[in-house]
Amino acid sequence: MIRYSLITILFSLLLASCGDNKKDSVIEDPIIENSLIGTWESDCVADEGDQWLIETIKVTDEDVTLYQTFYPTSSCQNESEEVSQLVTYSLGEQSTAGITNIDIMIPGTDDIILDIFKIEAGVLYFGDDIDEDDSTRPTDIDYSNPFQFLSDV
């Protein structure tokens, strides 16, 4: 009987020593996982003019290339024009709701676009820019303009 009690105590101590000591560890600079990295593409949407467009975003650790491909009809076939722009960015705080602040810097200018984004079920959404004022960070997500994940960069 004593032998089983001793084995039980030793086994319990062994398990306790293998436990996770997360209380003792301190994380000084948590690294935000950059889930934006990859290639994302929007649906075919009406442009402000009489054209249609598909936006493709290629995100690396350091920069973003935005491609806007314009089409004459809603079928988004027979491309009429493609423009691209390279920008840099930095990630900020992430809320418990999974919304992350992002600051987008336009090279060659002092312009900084303040935005937010959220990735939900493999779909990327940016902030609602109804007022189109880039100097004020949006507070709501625009679920009407989704970007589907296409591939890793």
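Let me begin with Glu-62, which is exposed, with a relative accessible area of 60%, where exposed means over 50%, buried means under 20%, and partly exposed lies in between, using a 1.4 Å probe and protein chains only. Before I go on, this is a predicted model, in which local features need pLDDT of at least 70 and side-chain atom pairs count only at pLDDT 80 or more, while totals for chains, interfaces and linings use all residues. Residues are numbered from 1 along each chain as its sequence is written, and side-chain values use heavy atoms, with hydrogens and water left out.

Glu-62 sits in the loop between β3 (52–59) and β4 (63–71); strands here are DSSP runs of E of at least two residues, numbered from the N terminus. Setting aside neighbours within four places in sequence, Glu-62 is in contact with Thr-88 and Tyr-89, contact meaning heavy atoms within 4.5 Å. Although Glu-62 and Tyr-89 are 27 residues apart along the chain, their C-alpha atoms are separated by 6.8 Å.

What does β8 pair with? Strand β7 (residues 112–120) pairs with β8 in the antiparallel sense over 4 bridges, pairing being defined by at least two DSSP bridges between two strands. Their hairpin has 2 residues between the strands, and Ala-121 takes a positive phi near 55° there. Glu-120 has Val-123 in β8 as its bridge partner, and Val-123 in turn has Gln-148 in β9 as a bridge partner. Strand β9 (residues 147–151) and β8 also pair in the antiparallel sense, over 2 bridges.
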